[in-house]
Structures are given as C-alpha cells and as structure tokens.
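Here's a walk through one protein chain, from its overall layout down to a few single residues. Have a look at the structure, then read on.

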Amino acid sequence: FLNALTQEPAKAAELADSYSGDGIFAYATYAKVEVAFREHFGKPMPVSAVGETAVHRALGFDHRGRVDVAIHPDRPEGVWLVQYLTDNHIPFFAFRQAVKGKATGAHIHIGPMSTRIASGG
C-alpha cells in the first residue's frame with residue numbers, strides 16, 4: 001500500500017502509516033474505540049465518515065464497513081488513537097496529508113483498505 005502512494009519508499013512513510021492488525025473491523029469494535037476515546041479525552045471522537053460517502057464514491061472507493069477520523073496521526077489524539085488501534089489489533093491507515101487518489105487530507109482510516117468500486121462496463 002505505502003509503495004503505491006509514491007514511487008519513493010522513503011517518501012511513503014512521510015505520507016502515511018498502515019497496520020493490518022487482524023484484518024477485521026466491525027461496527028461493534030468501532031463502538032469500543034469511540035467509548036475509549038471519549039473516556040480518555042472527555043469528548044467525542046471527531047468522525048468524518050462512517051461507511052460510504054459521496055467523496056468516497058467520487059474517488060472510486062467502496063468505504064462500507066470503514067470509519068474515517070478527522071485527526072492528524074502525529075498530534076496527541078492521533079498518536080493515542082494509533083496506539084489504541086495497534087494494541088487492539090485493529091487495522092488502520094494514518095494519512096499525514098492529502099494523497100492524490102487516496103486521501104483528501106490528514107486523517108485516520110479505521111478498517112481494512114477500501115476496495116475500488118467495480119466499474120459497470
């Protein structure tokens with residue numbers, strides 16, 4: 001995945017991190033993550049997408065069963081979330097900036113990589 005972000009592997013790590021965990025992500029797991037975040041920070045997790053959105057469809061991604069959190073992975077909340085996800089074997093992608101065709105900006109994508117929507121032709 002990271003090599004697909006750029007032709008320069010060293011640059012890829014600057015753009016995003018990924019962790020495959022156990023490869024499984026369910027909404028029940030998401031609820032646990034959300035509760036843990038609220039308990040730790042005293043506020044709701046800033047979720048920007050639960051499942052498929054118009055933006056994901058425009059990018060050609062099937063985002064069902066995935067969650068995007070509007071947190072930069074290098075800020076304290078992002079560092080905590082990445083560690084929580086890793087400790088609990090939950091797959092994620094942590095984008096540090098926009099990546100053409102992959103991400104519109106910094107965020108943490110919880111769940112396996114979104115698959116491409118099959119073209120109908």
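## Layout of the chain

Helices (H or I, at least four residues) and strands (E, at least two) are DSSP runs, numbered from the N terminus. Going from the N terminus on, the elements run α-α-β-α-β-α-β-β-α-β-β-β, which gives 5 helices and 7 strands. Keep in mind that this is a predicted model, where local features need pLDDT of at least 70, side-chain atom pairs count only at pLDDT 80 or more, and totals for chains, interfaces and linings use all residues. Residues are numbered from 1 along each chain as its sequence is written, and side-chain values use heavy atoms, with hydrogens and water left out.

Of the 121 residues in the chain, 37% are buried; buried means under 20% relative accessible area, exposed over 50%, and partly exposed in between (1.4 Å probe, protein chains only). The chain exposes about 6,700 Å², with carbon and sulfur atoms supplying 54% of that. Those areas come from the Shrake-Rupley method with a 1.4 Å probe, and for residues only the protein chains shown count as cover. As for contacts (heavy atoms within 4.5 Å), take those between residues at least 6 apart in sequence: 55% of them join residues at least 24 apart.

## The sheet

Two strands pair if DSSP finds at least two bridges between them. On that basis, 5 strands make an open sheet in the order 1-5-6-4-2, with antiparallel pairing. Strand 1 (16–19) and strand 2 (47–50) are at the edges with a single partner strand each, so one side of each has no neighbour in the sheet. Neighbouring strands are turned by 15° against each other on average, direction ignored.

Now for the individual pairings. Strand 1 and strand 5 are joined by 4 bridges, and Tyr19 has Phe92 in strand 5 as its bridge partner. Strand 5 also pairs with strand 6 over 4 bridges, again antiparallel, with Ala94 partnered by Ile108 in strand 6. Strand 4 joins strand 6 through 3 bridges, and Val67 stands opposite Ile110 in strand 6.

Helix 5 lies across strand 1, strand 4, strand 5 and strand 6, running at about 20° to strand 6. For these angles, axes are lines fitted to C-alpha atoms (for helices, over the stretch in contact), and angles run from 0 to 180 degrees between N-to-C directions.

In soluble globular proteins, nonpolar side chains tend to be buried together. A nonpolar core here is a set of buried Ala, Val, Leu, Ile, Met, Phe, Trp, Tyr and Cys residues joined through side-chain atoms within 4.5 Å. The largest one has 18 residues, and those with the most contacts inside it are Val33, Leu81, Leu85 and Ile110. Helix 3 (27–41), strand 4 (67–69), helix 5 (76–87), strand 5 (92–95) and strand 6 (107–110) each give two or more residues to this core. Apart from it lies another core, of 6 residues, among them Leu15, Ala16, Phe93 and Phe95.

What does Val33 touch, not counting residues up to four places away in sequence? Its contacts are Met45, Leu81, Tyr84, Leu85, Ile90 and Ile110.

## Strand 6 and His107

In a regular strand the side chains alternate between the two faces of the sheet. Strand 6 is covered on both faces: His107 and His109 are buried on one side, Ile108 and Ile110 on the other.

His107, in strand 6, has a relative accessible area of 10%, so it counts as buried. Leaving out residues up to four places away in sequence, His107 touches Asp68, Val69, Ala70, Ile71, Phe93, Ala94 and Phe95. A polar atom of the His107 side chain also lies 2.9 Å from the backbone oxygen of Gly105. A polar contact is a pair of N or O atoms within 3.5 Å; within protein, one must be able to donate a hydrogen and the other to accept it, and residues adjacent in sequence count only if both atoms are side-chain atoms.

## Two loop residues

Thr104 sits in the loop between strand 5 and strand 6 and is exposed, at 62% relative accessibility. Beyond four places away in sequence, Thr104 touches Val55, Leu59 and Ala98.

His89 is in the loop between helix 5 and strand 5 and is partly exposed, at 46% relative accessible area. Most residues other than glycine have a negative phi. His89 has a positive phi, near 60°.
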